[in-house]
Each structure stands twice: as C-alpha cells, then as structure tokens.
Amino acid sequence: MSAYVLMLVGVLTVLTAFTTKLLSLAVQPRWLTGLTVGLAVIAIAWTAVIVWSFVLVRPPRSDVVGRVLTTSLTISLCALVLAPTAYAARLAYLSRDVVNTLFSSAGNAPIMAQDPWNGATRVSFLLIGGDSAPSRPGVRTDSMTVASVDTDTGATTLFGLPRNLEQVQFPAGPARDHFPWGFTGEGPDTPGLLNEVFQYAEDHPEVVPGVETGKRGPALIKQTIGDILGIPVNYYAMVDMKGFAEIIDAMGGVRVTVKEPIVYGRSREGLLPAGTRKLSGEEALWYGRSRTDSDDYVRMGRQKCLLNAVAKQADPMTVLNSFESLAAATKRAISTDIPQDLLPAVVDLSQKVKDARIRSLSFVPPLINTAAPDWYLIRRKVSEALEENRTARPAAHSPSPTASQDDPVALDATCH
C-alpha cells in the first residue's frame, strides 16, 4: 500500500507539474519501451500481491459462500489492475510504432541538453497538402505553407504559396541547369506550376542527384520554396488529403463555421450549408478542396481554417478515445523529414506556439501575379513580416488581434 501511494503521488506530480516534459518523453521510443516494461512489471507485482493476499485469508473449503465471494473479489481486483495497465501499455506501444514509422532515426540520442536549434533564432517548417488520384499518377502539392517559428517565444508567421505560381526559379544546381529561365513542366499537359515540382523531382533523378526515391521531391520543393521566400526551410511535413479525412473521422469529426454554402463533388452532388456544424472526414476534405463557385485563393483560406480547427479540437481526451484509429490513419497519411532526435524540442516549441501570436501572409492576387511573380517583392514582404514579428516579441504571448484590411500580415479573421 505504501508503494502504491508513493507511485500515485509520483504520477499526479508528473501529470500536473511536468506536463511538457512528459510530452517530450512520449515521442522518444526508448522511454516508451521503458514505460511499457515498467507498466508490465507493476501490473504483475500488484496482481501477485492480490493473489497472495487471497491465499493467506481465504475462507476454509467448508465456507462455500465465502469462497465464492472472495474468489470473485480477487478476480475483479486483478482485472481492475490489469485492464488499465494493458490499455496504457498498448498506447505506449502504438506511440512507439508511430514515432518509428514516421520519423527517421539518426542515432536516437536525446539532444535536449544542448541547444537543438544550433543557435538559430527561427526555424521553418514547410507544411504540404498532397493530392493524388487513380487517374493522375504522382502527387500534386496543392497546399503549401511555410511556418516560420521564433525558437525563443514561439511567435509564428505563416507564408502561404498558391499552387499555380508559374516561372518558378529553381535553386542553383542541376535543376536550374535544366530550367534556366524558370520551371516549365514536361509538356503541354504540365503547364509548369509550383505544385508540379515535387513530383517532377521524383520522376527525374538527374535534377536532384545523389538523393534516393521518396526524398527527391521534398528536397527540391524545400530548396525551391526557401529560395522564393528568401529564408531557409529546415523541415517539411506532408499530409495526404484522403488520409487527412481519415484522421478527422478518427477524431469524431471537426466543427467549423461555413461562411457561405459550399458545393462539392465532381458532379455537384453535395452541399455544405452555411453555419457552424461538425463535418465528417469526407465533408471536411471537400470543405478544404472545393473550388466550385470560388477559386484557389478562397480555398487556401479555408484550408488554414480547417487546420486551425483540427489543432484546437484535438484535445487529449479526444486523442485518447480514438488513439488506435488515429495512429493508423496518421501512419498512412503523413510523411516528414523531422528526425526522432529533434521531436522533444519540437514538442517544447509547439507548447510555445500554442500561446503565441500566429500571423499569416499569402502571396496571392492582387499582391502577387501568379503568372509573372515578382520574386523580389515576395522576399521583401517576407523580410518585413519577420522583422515586424521580431520587434513585437515582448507581446508575442498576448492574444492575436483581429485581422484588418490595413494589416497584410495578420491571423485570418474568417476562421471560427
């Protein structure tokens, strides 16, 4: 009983005072393995105590009623110990499997003792929404957003790039040698848009020499978008659109405010009426993809709203209640080059981002002509946005203000 009380006090202390550190441990496979083994040992020891206690105090054989009652009580107590322990061990195993599947291991050594960002004041993540279809080979990156995060405060600026940017300039090297005047695609069926770069690199190893299949697309799109914005893009994460629908279904849907009725389906067979409602995975997918009676730029805004809603509504209880289905959907839907060793630092940074100001700048008309982009203007706007974010660092943790027409770098006001 003393050991049990001490363990309970320890668990409550960790859950209340060291939540962030606990999250950091939850993305480290070795800690998860240790947790699974530790839970098994505790469950076995505790069960042994219950059974041994029963052996010591069980009624004589002549007391049939007493025997039945104490035996039933013993079995119930053992089940009460083993069931939640088995469930917790199962969650730890699934978490470990997700981490090992999604994130590459480069030694798997903790790096939290030193500065994980190597002195960098900002780190940038390229967030990609990939769209594929049976009738269209390959992947089109129809949604591309760079999140530039202040490593000290978590203050974040989102830079949205439209899929139909033309004359994209490749970084110096073999890719630019193939397209010295800008990317033009492979022929009349590929007009040479930004959303084609990822798959072009995968299909043409010569433009990204020395990089294996599956990594050529991310490597070239990161470098290309980094050059467009004038900032280094450190990591990427890509979500397959259909897999995204599975994730939303696994978490029980997502509640959003539909500003205007949205027609969806290839034959206009569906309609999302205006109002606040919970969308299924399929409905959420069309909410983020539909361009009927709108355009790419309206769709980009809805995609940001959808991602924001998913992040806000994926609370711990929702995640726990559907963890297994979420884990399976996540493994199918997401790819990334964030290494395992960096995950604890990313978790810590994400906690800062949740409390910090998030601002957004999309390079769409009328600011940018997608057919003939002003690359200098894009880089200048990025530099100005990051400088404004840097000078506003003391207020970074204050609530985000409402976006206005006079502030081109503000959180989208259409999200609810």
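View 1. Phe170 is buried, at a relative accessible area of 2% (buried means under 20% relative accessible area, exposed over 50%, partly exposed in between, with a 1.4 Å probe and protein chains only). This is a predicted model, where local features need pLDDT of at least 70, side-chain atom pairs count only at pLDDT 80 or more, and totals for chains, interfaces and linings use all residues. Residues are numbered from 1 along each chain as its sequence is written, and side-chain values use heavy atoms, with hydrogens and water left out. Phe179 is buried too, with a relative accessible area of 10%. A pair of aromatic rings is described by the distance of the centres and the angle of the planes. For Phe170 and Phe179 that works out as 5.9 Å centre to centre and 65 degrees between the planes, an edge-to-face pair. (Rings of Phe, Tyr and Trp, the last by its six-membered ring, pair if their centres lie within 6.5 Å; planes under 30 degrees apart count as stacked, over 60 as edge-to-face and the rest as tilted.) Ring pairs also bring in Phe183 and Tyr200, making a cluster with Phe170 and Phe179. Across the whole structure, a search turns up seven aromatic pairs.

View 2. (Helices, H or I of at least four residues, and strands, E of at least two, are DSSP runs numbered from the N terminus.) Skipping residues up to four places away in sequence, Leu126 touches Met144, Ile221, Ile225 and Tyr236, among others (contact means heavy atoms within 4.5 Å).

**View 3. Thr156, a buried threonine in a strand.** Thr156 belongs to strand β3 and counts as buried at 3% relative accessibility. A polar atom of its side chain lies 2.8 Å from the backbone oxygen of Gly154. Residues up to four places away in sequence aside, the neighbours that Thr156 touches include Arg122, Ser148, Arg357 and Asn389.

**View 4. Gln303 on helix α10.** Helix α10 covers residues 296-313 and holds Gln303, a buried residue with a relative accessible area of 9%. Leaving out neighbours within four places in sequence, Gln303 is in contact with Ser143, Met241 and Gly288. Its C-alpha atom is 9.4 Å from that of Ala284, 19 residues apart along the chain.

**View 5. Arg302 over the ring of Tyr287.** Arg302 lies over the face of Tyr287, 5.8 Å from the ring centre. (A charge sits over a ring if NZ of Lys or CZ of Arg is within 6 Å of the ring centre and within 35 degrees of the ring normal.)

View 6. The unreviewed entry gives residues 34-57 and 64-87; UniProt positions follow the numbering used here, feature names are shortened, and annotations may be inferred rather than shown by experiment. Residues 34-57 are 100% helix and 0% strand in the model, with end C-alpha atoms 35 Å apart. Residues 64-87 are 100% helix and 0% strand, with 34 Å between the end C-alpha atoms.

Note on methods:
Polar contact = N/O pair within 3.5 Å; in protein donor to acceptor, adjacent residues only side chain to side chain.
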